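Here are a few notes from my pass over this model. Have the viewer open while you read.

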Amino acid sequence: HRFLQAGFSKTATLLIICAISAAFGFSALIFEGQTTIIMIGVLAIISLLIFVVLDLKVRKQDTRYKIQ
């Protein structure tokens, strides 16, 4: 819902979520041992940053409409 609220289309939202899922899946398959843990941690941090940025963007849009 955050992607849609941020202005992305349904198709773009689906592609972004699939890309994130694919990145986690490929990192689990390709990397071994401690590298897997590091890569999954990096991907988790990137995912969290994406959601924080989207949340800030949606909140900024909401306050813009409330002020007017």
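1. One term before we start: a contact here means heavy atoms within 4.5 Å. With that in hand, look at Ser-47, which touches Ile-20 and Phe-24 once residues up to four places away in sequence are left out.

2. Keep in mind that this is a predicted model. The overall layout is quick to describe: the protein chain has three helices and zero strands, so from the N terminus on you read α-α-α.

3. Back to Ser-47: is it buried or exposed? Ser-47 sits in helix α3, and it counts as buried because its relative accessibility is 10%, where the cut-off for buried is under 20%. For context, 13% of the 68 residues in the protein chain count as buried.

4. The protein chain exposes about 5,500 Å², and 70% of that comes from carbon and sulfur atoms. Worth a look is a nonpolar surface patch of about 450 Å², made by Phe-26, Leu-29, Ile-30 and Phe-31.

5. Last, the contact pattern. Take the contacts in the protein chain with a separation of 6 or more: residues 24 or more positions apart account for 47% of them.

Technical notes
Residues numbered from 1 in each chain as written. Predicted model: local features only at pLDDT ≥ 70, side-chain atom pairs only at ≥ 80, totals over all residues. Heavy atoms only, no water. Patch = residues over 30% accessible without salt bridge, like charges linked within 9 Å, V, L, I, M, F, W, Y side chains within 5 Å. Areas by Shrake-Rupley, 256 points an atom, 1.4 Å probe, with all protein chains shown as cover. Salt bridge = Lys/Arg side-chain N within 4 Å of Asp/Glu carboxyl O. Helix = DSSP H or I, 4+ residues; strand = E, 2+ residues; numbered from the N terminus. Buried < 20%, exposed > 50% of the residue type's maximum accessible area, 1.4 Å probe, protein only.
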